[in-house]
Amino acid sequence: MIYFDHAASSWPKPEQVIFTLTQFLRENGANPGRGNHKMAAIASEAIYATRVKIAKLLNVQNPNQIVFFMNTTQALNQAIKGFLKKGDHVITSHLEHNSVRRPLEYLRKELGIEITYVKPNEQSKLQLKEIENAIQSNTRLFVFSHASNVLGTIQPIKEIGAIAKKNGIAFLVDAAQTVGRYQIDVKEMNIDLLAFPGHKALLGPQGVGGLYINPSIELSPLIHGGTGNQSEKIDQPKASPNRYESGTLNTVGIVGLGAGIDYIEQQGIEKLKNREWQLTQYLLKGLEQIPQVKWYGPDLHIERVPVVSLQIEGHDSNEVATVLDSHYQIAVRSGFHCAPLAHEICHTESSGLVRVSLGHTNTEKEIDTLLNALKEIISLMM
Ligand SMILES: Cc1ncc(COP(=O)(O)O)c(C=O)c1O
């Protein structure tokens, strides 16, 4: 199988991730923070070790401000529903995943919050002026993804963070497509809340993600109880991470995530990113040679995350992806990628797009196989 669906979940995982989590599972199944015995203490330490690694990656001083959830969606829900109150206004964009849009629209119905969706320019880049012009006296939150999972566009997060800071507005970043791939410094970028997956560019297993919470922010927890400490108290603990981590954590997954971060650091984040960019340009240049293929997102020379969405003119994306899978053993993602407003911008709201998302382990040869498959499909369909 040729795997081009890294934007959904990365695969294959580094051998050291598989080895580390398997070894941990074999040697220690204790519940972290639920006992005074040695095995429970080792499990707690293993979780803390991954917290430290993520904190270092994001330039967070106190690792306890990193909170684990199952995925980015849960982290985004905690941030959005835990922060916004009745009467608040939030600014977001047409490029957001429904993990952002749905909780916001839910709060619009439930609490009457106001939402402004700003549109990107023709290069799918957010416009700082548009964001500034949308600010109202009750604007409390900006929510933007660092990079689009449909178009690959990298957004000017640092500049948006500066606007947020200047106006006293909290800034939530959906880093699903960038954490582990791009250097993120929450201090320098003025990010107050950052949601991330463990199973994409961080190369960990599924079932782990998290949220960075600036110490000045106290969110209302979405889930209560099961914190394993302060059991005598009726109320949820105040301090992070216990305030937000209710119930037993995915210890094995978190240990695997720690091994994924080690791998990235050993290889060098810049080296991996440059390889992905090289492969992305190779793919885009190949697609340029096929006139019946239309690809979307920023121009060829503008850096993007390794995501290229395309269309064979006149053909439904699901049909093309099914043929790629069944006849060529090539895994891509079709449809709307959980971001229907992004498809409105591309005018692909009825056909969807075929998304090819690469990882540093892919090769030029695999891309050639895809390009030849697309040419063959076109010749058979015409
Ligand atoms: C931009 C973006 N946000 C949120 C998500 C949801 O991530 P998860 O599957 O970790 O919940 C994704 C997943 O692809 C994404 O690409």
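Mentor: Gladly. Keep in mind that this is a predicted model. Start inside: the largest nonpolar core has 41 residues. L58, F142, F144, F171, I184, I191 and L194 touch the most other members.

Trainee: Which elements give two or more residues to this core?

Mentor: They are helices α2 (38–58), α6 (157–166), α7 (251–267) and α8 (269–288), plus strands β2 (66–69), β5 (139–145), β6 (170–174) and β7 (193–197). Another core lies apart from it, with 28 residues, among them I290, V308, L310 and I367.

Trainee: What makes L58 and its partners a contact set?

Mentor: Contact needs heavy atoms within 4.5 Å. Leaving out residues up to four places away in sequence, L58 touches I66, V179, I184, D185, V186, L194 and Y212.

Trainee: Why is the chain called as compact as a globular protein of that length?

Mentor: First, the inventory: the chain has eleven helices and twelve strands. Its radius of gyration is 21 Å, and the globule rule gives 21 Å for 382 residues. The two values are close, so the chain counts as that compact. The C-alpha trace spans about 70 × 55 × 35 Å along its principal axes.

Trainee: How many of the residues are buried, as a percentage?

Mentor: The buried share is 57% of the 382 residues. As for contacts between residues at least 6 apart in sequence, 67% join residues at least 24 apart.

Trainee: Why is T280 called buried?

Mentor: Buried means under 20% relative accessible area. T280 has 0%, so T280 is buried. T280 is found in helix α8. Beyond its neighbours within four places in sequence, T280 contacts R304, P306, V308 and L358.

Trainee: And why is N250 called partly exposed?

Mentor: The partly exposed class runs between the buried limit of 20% and the exposed limit of 50%. N250 has 32%, so N250 falls in that class. N250 is in the loop between β8 (209–213) and α7.

Trainee: Which residues does N250 touch away from its sequence neighbours?

Mentor: Q206, G207 and V208, not counting residues up to four places away. N250 and G207 are 43 residues apart in sequence, yet 7.1 Å apart in space, C-alpha to C-alpha.

Trainee: What makes the phi of N190 worth a flag?

Mentor: Most residues other than glycine have a negative phi. N190 is not a glycine, and its phi is positive, about 55°. N190 sits in the loop between β6 and β7. Its relative accessible area is 22%, so N190 is partly exposed.

Trainee: Where is L203, and what is its phi?

Mentor: L203 lies in the loop between β7 and β8. Its phi is near 70°, again positive in a residue other than glycine. The limit for buried is under 20%. L203 is at 7%, so L203 counts as buried.

Trainee: How do you know that the bond between W11 and P12 is cis?

Mentor: Look at omega: it is about 0° there, and the bond is cis. P12 is in the loop between β1 (2–3) and α1 (15–27). Most peptide bonds are trans. The bond from S240 to P241 is also cis, with omega near 5°. P241 lies in the loop between β8 and α7.

Conventions
Residues numbered from 1 in each chain as written. Predicted model: local features only at pLDDT ≥ 70, side-chain atom pairs only at ≥ 80, totals over all residues. Heavy atoms only, no water. Helix = DSSP H or I, 4+ residues; strand = E, 2+ residues; numbered from the N terminus. Rg over C-alpha atoms; globule rule 2.2 N^0.38 Å. Buried < 20%, exposed > 50% of the residue type's maximum accessible area, 1.4 Å probe, protein only. Core = buried A, V, L, I, M, F, W, Y, C linked by side-chain atoms within 4.5 Å.
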